[in-house]
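Student: I have this structure open and would like to go through a few parts of it. Can we start with how helices pack?

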Amino acid sequence: MQEERKTPEMRAQMTDIERLRHSTAHVLATAILKIWPQAQFAAGPPVDNGFYYDVDLPHRISPEDFEKIEAEMKKEIKANHPFERMEVSRDEALELGKKGRLAALSDRDQPSKFKIDIIENIPVNEKISLYRNGDFIDLCAGPHIIRTGNIGAFKLTNVASAYYKGDEKNPQLQRVYGTAFKTKKELDDYFAMLEEAKKRDHRKLGKELEIFVLDDDVGPGLPMWLPRGAAIIEELEKLAKETEFAAGYQRVRTPHIAREQMYKKSGHLPYYADSMFPPMSIIEEGKRHEHMELVMDRTRLQHELETGKWNDPQTGDTVDAYEERNRIDSKIDQLSERYYLKAMNCPHHHKLFAAVPRSYRDLPLRFAEYGTCYRYEQSGELFGLMRVRSMQMNDAHLYMTPEQFETEFNAVNEMYLNYFKLFGIEKYLMRFSTHDPAKLGQKFVDEPELWKQTEAMTRNVLKNSGINFVEVPNEAAFYGPKIDVQAWSAIGREFSIATNQVDFAQPRRFDLRYKDRDNVDKIPLCIHRAPLGTHERFIGFLIEHYAGNFPLWLSPEQVRILTITDEPQLLDYSRAVLNELRSHQVRAEIDTSTDKINGKIQRAEQMKVHTMLVIGKRDMEANAVSVRLHGKGNLGAKPRGEVIADLLSAIKERRA
Ligand SMILES: [Zn+2]
Ligand SMILES: [Zn+2]
């Protein structure tokens, strides 16, 4: 795939930290040239969490070289050279390139070949600029920080290979990665976070804690949930059902598949086809014979295609075989019906809205379903629970009159905020994507008034609720403004977990209507929302957020009873405690193995069981249990009734 060129507008949006990191890339190139003056550089942009520079060099750079390169970089930073911008004409830039002076410390024998290619691809109306720090001059649109000395702390992290412009027909370059921060402390915190993130990796913990598995026979990207994972799912669904019920939602159920025609109506086909699993073709029973004959005709034709011509046996006419094949194909098409696995729940829900005549009195109507969807993600994109091909979504579609929009949207927002509070998500950001009036009718559905109205109302709600949001113009969905929610886990890793969209195109495509007060048919507005995202992504997030130490209510195993000896009387008492807990729906287990108590505790700690009840003879005689909390240690003996009552109220209140 070709890498996209950044427009000047995109560059102007570079954040402070991106400028700092991109400037560090220039310093990296400077250092590499001091060691290997013949190095040729291609592109050196900032990326998530750092920067890279692509370099063409006979010497293979390895991490052993980093110290040497970093030492040169430090000299350049210490010299505190200013980053000077110079605007030049295209010819001047090319002249410098021919002399090998671009991305170089001086003129060289070899031209700056990649930079010349880049100049040749700069649109004619775009200004060409150079940036200089010390002896180093680079072709660059900027922007940069003021001086090299402003780079507080940096580190080279990795070297990989990459094709020039991401195209495998082009030469292979070495991509040197690094990161930079304003201060040494920020840099240290970042690497400490990466260390911690490795320990919390949901793929690692998901396996150790027996939460989910991916199995090759089932298929890539199709996670299965072990009982411990299913327990978390049950709790999340219970939470969603209770919350949504209280907010006036109604639950619906829909199948996992639908006919092709529905996705044509929704507009997902053909545009979204690449993201859907290929369709299943089904031939009606009475038509199988006819179908088979057509398929045989088609196979015969396929052979004829080598000559390009085909004689019609009846008329003797020469018919173009391609044309004939298309004719057979369309006949085959008519005999078969295609079904798709659903990639989204909206069309099914719209059908439920349309199933009953609706009046303004029925609105707002809120349909909720933990819907299972299937998306055909490229295999290279699949990643643990974060990028999967089957997903269960905390979905709902809200249908309303325009007057009801603000209240409904506000309520949805409140729901997000309450969930964040419950899960201890302290840092989050809502990216509010709006339309560009210049692109109405092309990139955005042509409803200027609705766009203006709903965007203004959405902006108002976001402002009034004091929510942390940024507005991103020109990135709305085709059919309305949208909000992407990013959340940061306890250790500062970023996840996108949910979206919230306003839709005024689909209700029209599905011809959804309600009778308004004036007895005129109107089209409702629709909000798509999924605050808990999908089980897959949300649980992946929670595993890393909690490092597997789930709060009691979410714990796959809430309580484990550990008996100190295996005397029959003690076992009876312990089982009675177990049964009492289970009768209150507490996920409790018992370890009656003959191991020593310390071994039992160790095993329970390993599985991060929330509460351990250690039971010995003295506990039994006092009708008590000794409580031990995972990671917190022994809390001592307490009356059995009190302990159980405490557990039940903590679970009920979903206490952290
Ligand atoms: Zn630059
Ligand atoms: Zn939807």
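Student: At what angle do helix α2 and helix α3 pack?
Tutor: In this predicted model, α2 (residues 16-35) and α3 (residues 66-78) pack at about 115 degrees, and their axes are 8 Å apart. Axes are lines fitted to C-alpha atoms over the stretch in contact, with angles from 0 to 180 degrees between N-to-C directions. Helices are DSSP runs (H or I, at least four residues) and strands are runs of E (at least two), numbered from the N terminus.

Student: Which residues in α2 meet α3?
Tutor: Among them are Val27, Leu28 and Ile35 in α2, and α3 brings residues including Ile69 and Met73. Contact means C-beta atoms, placed from the backbone, within 7 Å.

Student: OK, peptide bonds. Where are the cis ones?
Tutor: One joins Gly142 and Pro143, with omega about -5 degrees. Pro143 is in the loop between β6 (136-139) and β7 (153-163). Another joins Leu269 and Pro270, with omega about 5 degrees. Pro270 lies in the loop between α9 (260-266) and β13 (280-283).

Student: And what is the phi of Asp511?
Tutor: About 55 degrees, a positive value, although Asp511 is not a glycine. Most residues other than glycine have a negative phi.

Student: Is Asp511 buried or exposed?
Tutor: Asp511 is exposed, because 11 other C-beta atoms lie within 10 Å. The cut-offs are 20 or more for buried, 12 or fewer for exposed, and partly exposed in between, with C-beta atoms placed from the backbone.

Student: How are residues and chains labelled, and which parts of the model count?
Tutor: Residues are numbered from 1 along each chain as its sequence is written, while chains are lettered from A and ligands numbered from 1 in the order in which they are written. Local features need pLDDT of at least 70, side-chain atom pairs count only at pLDDT 80 or more, and totals for chains, interfaces and linings use all residues.

Definitions and conventions. Two residues are in contact if their C-beta atoms, placed from the backbone, lie within 7 Å.
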